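Work through the exercises below with the structure open. Each task is followed by its solution.

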Amino acid sequence: MTALLSVEGLTTHLHTDVGVVRAVDDVSLAVAPGEAVALVGESGCGKSMTALSMMRLAPPAARIEAGRVMFKGRDLLGLSARQMRRVRGGEMGMVFQDPMTFLNPLIRIGDQVEEAISLHMPERGRAAALLTLEALRRVRIADPEQVMGYYPHQLSGGMRQRVLIAIAIACRPSLLICDEPTTALDVTIQAQIMDLLRGLRAELGSAILLITHDLGLVAEYCDRVYVMYAGRVVEEASVFDVFARPRHPYTRALLRSTLRLDRRADGFRTIAGQPPNLVHPPPGCRFHPRCPEAFARCRTDEPDLYGSVGARARCLLHAPEAA
Ligand code: SF4
């Protein structure tokens, strides 16, 4: 199937006082229409910066050094700022972690949803208000007519996140990028929001790129996974494979560091050490200082992604010569 989104060799550097941080290093990934794909890894691994670079929302210190972001046949990195504004919030919706950062505290909810609609759709006046109502109903906000007149501080955290999702889906995007959409919420609301996203995916046919560190969410809601470590994709696999037979030692370590009801507590292990400094990443495999399976070559040779597209790992244990 032709990819809806195809990121090829995306490389973003952050130019800071302490040096150049290689935050996103030659990242490639693809999302098919209607698919739910996860981008997972520890904090600071580059997953959010990958998404921000794709959407051209990276901070001023960031510079995209290389790559292409093909979305519906167009390279987003080649669009003008005006063209890009039409894509963001229109064909590509975004849901972020902290709704209060993205909702304007001084503007009523209805006006904020309607603004997204009027930026991307021809409807105005009563027609736009009806679409606003429909978007709020779709995210299962009770009494949406009343909520349209509220300010963000009058809503709970879960309700605010629903409003953010309503804004993101108001223009029926083909792709929803959700960056840790439930991290700030308690587990009950988290489940409700994820079920809502699953329902919207079925209803609207939108693909989802879920950025998360929570492997439980990945297992339940996604079809495929990209695992990132130190700015790079280190494993790409189906959800089934990543849990049943993870190829990369980092993926195995991530899985061991996740609490599971079906496993004894003594099977739980944190990942020793810290992610590397991306100003001066370690030579060879970037995971070697923390890898329990490292061997001599890992300290000198940079692993490639070995395997076939959709089932590969950046580990010398999978290099053809190791077979
Ligand atoms: Fe571990 Fe070596 Fe594989 Fe890196 S290349 S993940 S250090 S075994």
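**Exercise 1.** Which residues form one aromatic cluster with Phe287?

Solution. The cluster consists of Tyr229, Tyr250 and Phe287. The model is predicted, so local features need pLDDT of at least 70, side-chain atom pairs count only at pLDDT 80 or more, and totals for chains, interfaces and linings use all residues. Residues are numbered from 1 along each chain as its sequence is written, and side-chain values use heavy atoms, without hydrogens and water.

Step 1. Searching the whole structure gives four aromatic pairs (rings of Phe, Tyr and Trp, the latter by its six-membered ring, with centres within 6.5 Å; planes under 30 degrees apart are stacked, over 60 edge-to-face, the rest tilted).

Step 2. Tyr229 and Phe287 have ring centres 5.0 Å apart and planes at 80 degrees, so this pair is edge-to-face. Tyr229 is in strand S9 and Phe287 in the loop between helix H11 and strand S11, 58 residues apart (helices, H or I, of at least four residues and strands, E, of at least two are DSSP runs, numbered from the N terminus).

Step 3. For Tyr250 and Phe287 the centres are 5.3 Å apart and the planes at 70 degrees, so this pair is also edge-to-face. Tyr250 belongs to helix H11, and the pair ties together parts 37 residues apart in sequence.

**Exercise 2.** Are Tyr229 and Phe287 buried or exposed?

Solution. Both are buried (under 20% relative accessible area; exposed is over 50%, partly exposed in between, with a 1.4 Å probe and protein chains only). Tyr250 is buried as well.
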